[in-house]
Amino acid sequence: MATVQLGTAVTYLKGVGPHRAEALRRLNIVTAGDLLYHLPHRYVDASTVSPIVSLEPGMEVTVLGTVISKGVIPTRKGLRIFQAVIRDDSGMIEASWPGQPFLDRTIRKEDVLLLTGPVRFFHGRQLVPREYANLGNDGGARSGTAGGRVLAVYPATEGLSVKVLRGLIESHLDSLLGLVREYLPPALLARAALPPLPDALRMVHRPPTIADAMRGRARLAFEELLFVQILQRRARELARQRRRGITFVNRRELTTALRAALPFALTAAQVQATREIVSDMCSDRRMHRLLQGDVGSGKTIVALFAALVAVENGYQAAIMAPTELLAEQHARTIERLLAPLAMQPVLLTGSMPARERKVASDKLRSGAPLIAIGTHALVQQATVFGKLGLAAIDEQHRFGVEQRAALGAKGGGDAADVLLLSATPIPRSLALTLYGDLDLSVLDERPPGRWPVKTAMRPESARARVLEFVDREIERGRQAYIVYPVIDESEKTDLRAATTMFAELAAGPFAHRRAALLHGRLDAGERDDIMRRFRDRELDLLVATTVIEVGIDVANASVMLIEHPERFGLSQLHQLRGRVGRGAEASYCILLGDVSPDVAERLRIFVETDDGFAIARADLRWRGMGDLFGERQSGMPTFRVADPLRDEQLNLLAADVAQELLAADPELARGENAGMRKALSERYSRALELFRVG
Ligand code: ADP
Ligand code: MG
């Protein structure tokens with residue numbers, strides 16, 4: 001056999017026939033290198049394996065033992081149970097898998113099983129495995145946990161058990177490790193205090209202790225995070241160099257006047273973010289910055305300062321919002337704030353009467369310095385800016401990529417600076433990974449003097465009392481929202497729905513109140529009309545779906561009642577809660593309904609904290625990243641080993657290291673970085689455009 005390389009097909013490896021090769025392919029293992037990088041997803045430490053003799057009902061245990069007998073037992077109710085008797089050096093126990101008779105085909109007598117699950121009392125002690133791994137009948141598996149060693153458990157697939165995979169990897173590990181060369185510069189590894197690659201891979205597959213396994217894993221995760229950071233930083237830098245922008249001058253005329261006229265002091269976070277933005281605007285490169293801050297953190301003011309820098313330089317600024325109502329709200333707020341400066345913003349929305357609209361769009365076309373506020377009407381073809389210097393986009397995730405780009409491109413001759421605003425708070429390290437091509441400013445502080453929203457979970461049995469409470473708040477002159485996860489009832493889900501509940505509430509408990517129904521199937525005009533009436537206090541109660549999530553500000557609303565809270569993500573609940581607590585009086589967020597203990601535990605973090613970052617972090621942990629970011633993030637880098645959230649410290653370190661590395665050697669042209677550059681370009685095709693190779 002020719003010498004095996006990492007790129008050699010697995011079929012050339014001893015022990016891999018066509019059958020196994022097919023199964024391996026299902027695990028994405030095609031080459032010898034893939035096999036080497038097929039990492040354990042779990043370890044069992046011999047010291048955590050309980051001797052069978054010690055098991056008592058009620059315990060949660062991991063056991064390692066040999067199958068001495070087995071069979072399928074029918075029950076009276078027609079359920080078939082696979083049972084096996086497992087023995088170790090200390091004793092025997094029956095293990096029982098209800099409803100899994102098919103296990104009889106894969107688990108054989110003499111097989112060594114690793115089992116995890118609760119022990120219960122059923123004609124004696126019985127183990128009900130939640131998870132098991134079949135380690136086969138080779139003595140090797142058992143000695144694998146002898147002498148304090150740790151057993152690696154691999155993701156397996158139909159037709160390829162853990163035992164086979166494990167044997168395969170074990171038998172080729174030494175020769176494959178001999179083919180691996182470290183390519184990260186030694187100084188960098190030392191900085192991160194991580195083992196070199198061959199050692200890391202050995203530690204991951206054959207760890208003397210769990211701690212070693214984690215260290216090996218950290219080395220692999222760090223490399224992934226580092227590579228993504230390098231690519232994104234390099235891409236951002238190249239884009240910046242290409243993006244010449246307007247060089248504004250910080251004249252401190254209008255901005256200083258605004259600051260003096262503000263009825264409050266800026267938070268430290270607002271000052272810092274404003275400074276970062278102004279510094280971008282005053283450089284000759286084009287700004288491309290994301291301003292991220294929890295609901296109520298005061299993003300609008302920061303955007304307004306940026307707009308004033310543009311205006312005092314003779315340019316126009318545009319602030320785009322996703323709904324008419326939000327645009328109107330910004331226009332009102334900004335009008336109030338600018339009154340002392342004798343300035344007025346120009347509003348442009350789709351529903352404005354044609355004549356007003358023409359007046360507004362003529363002003364934009366004229367190129368006169370001004371602040372324009374509007375909806376996507378700002379990016380329509382008919383809208384022309386004579387001299388756009390700054391494009392700010394509020395609730396940026398509500399817009400498509402094209403719409404955001406379109407506003408930035410409205411500048412006429414010059415490339416307008418772009419500021420994106422987002423209320424989805426995500427941890428900084430994760431933002432670095434997701435938005436690597438953007439610079440990031442964070443408002444991680446709330447303006448003082450707000451009441452936290454009192455948040456509580458209430459069971460179904462409290463429904464009547466909760467509704468009475470809502471009614472009392474309305475009686476006191478406040479307004480309320482009641483939110484449902486779906487518009488209509490359906491047989492499939494059995495959920496209370498906005499439409500049916502509206503009918504019920506408006507005819508029953510709130511018959512004497514002014515209530516309206518709001519959901520996403522109403523057309524935008526109707527929706528805005530209802531929200532306007534609510535804002536103007538012509539309505540007491542809004543029964544709605546999550547359409548009210550977007551940044552609308554009705555200070556008099558004091559209750560947010562949410563049904564079926566289990567149907568919402570924590571960050572979504574947090575956005576909903578952000579709709580109340582905007583006035584000077586106490587506000588309430590109530591989650592109504594009976595939920596499972598699991599869900600209650602998940603919701604507890606939401607009830608207990610008002611910190612959007614903490615909530616987003618918990619949300620990410622529970623639901624994964626896909627859910628939180630939706631399709632917008634389809635371009636998100638994928639990781640085999642790393643998890644940017646769990647490996648947050650490692651990710652921050654990778655970000656620092658990448659920055660230092662590229663500062664010293666932007667093209668990775670130096671000798672000591674050659675190996676790394678090669679590894680990068682082998683793994684990411686994008687690296688070829690970013691670094692000249694050769
Ligand atoms: P968001 O970040 O959710 O868009 P806004 O910009 O709408 O927040 O600000 C929320 C409210 O807080 C507004 O009423 C705004 O006037 C007020 N606000 C902003 N900054 C401060 C501050 N530094 N001190 C007090 N109130 C502030
Ligand atoms: Mg806002």
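This briefing covers the ligand, the pockets and the cavities of the structure above. The model is predicted. Ligand 1 sits in the largest pocket, and that pocket has a volume of about 960 Å³. The second largest pocket has a volume of about 750 Å³. There are also three cavities of 30 Å³ or more.

- For Gly 298, the distance from a backbone N or O atom to an oxygen atom of ligand 1 is 3.1 Å.
- For Ser 297, a backbone N or O atom is 3.4 Å from an oxygen atom of ligand 1.
- Ligand 1 exposes 570 Å² when taken alone, and the protein buries 80% of that area.

**The largest pocket**

- The pocket that holds ligand 1 is the largest pocket, with its volume of about 960 Å³.
- Its lining is made up of 32 residues, and Thr 300, Thr 333, Arg 450, Asp 553 and Arg 582 are the closest to the pocket centre.
- Helices α11 (299–312) and α12 (324–338) each give at least two residues to the lining of the largest pocket.
- The top contributor to this lining is α12, which supplies seven residues.
- Sorted by class, the lining of the largest pocket has 12 nonpolar, 10 polar and 10 charged residues.

**The second largest pocket**

- The second largest pocket, of about 750 Å³, has 25 lining residues, and Leu 6, Tyr 37, Tyr 183, Glu 682 and Arg 683 lie nearest its centre.
- At least two lining residues of the second largest pocket come from each of α2 (32–36), α8 (210–242) and α23 (674–683).
- Among the contributors to this lining, α23 has the largest share, with five residues.
- The lining of the second largest pocket divides into 12 nonpolar, five polar and eight charged residues.

**The cavities**

- The count of cavities of 30 Å³ or more is three, and the largest cavity has a volume of about 70 Å³.
- The largest cavity has 10 lining residues, and Tyr 154, Arg 166, Glu 170, His 205 and Arg 206 lie nearest its centre.
- Helix α5 (residues 162–177) provides four residues, the largest share of the lining of the largest cavity.
- The lining of the largest cavity contains five nonpolar, one polar and four charged residues.

Technical notes:
Residues are numbered from 1 along each chain as its sequence is written. Chains are lettered from A and ligands numbered from 1 in the order in which they are written. This is a predicted model: local features need pLDDT of at least 70, side-chain atom pairs count only at pLDDT 80 or more; totals for chains, interfaces and linings use all residues. Side-chain values use heavy atoms; hydrogens and water are left out. A polar contact is a pair of N or O atoms within 3.5 Å; within protein, one must be able to donate a hydrogen and the other to accept it, and residues adjacent in sequence count only if both atoms are side-chain atoms. Accessible areas come from the Shrake-Rupley method with a 1.4 Å probe; for residues, only the protein chains shown count as cover. On a 1 Å grid over the protein atoms alone, a cavity is a set of points where a 1.4 Å probe fits but cannot get out, and a pocket is an open set with protein on both sides within 12 Å along at least five of seven lines; lining residues have an atom within 4 Å of a point. A molecule sits in a cavity or pocket if more than half of its atoms lie within 2 Å of its grid points. Grid points are joined across faces, edges and corners, and a volume is the space filled by probe spheres set on the points. Ala, Val, Leu, Ile, Met, Phe, Trp, Tyr, Cys and Pro count as nonpolar, Asp, Glu, Lys and Arg as charged, and the others, Gly among them, as polar.
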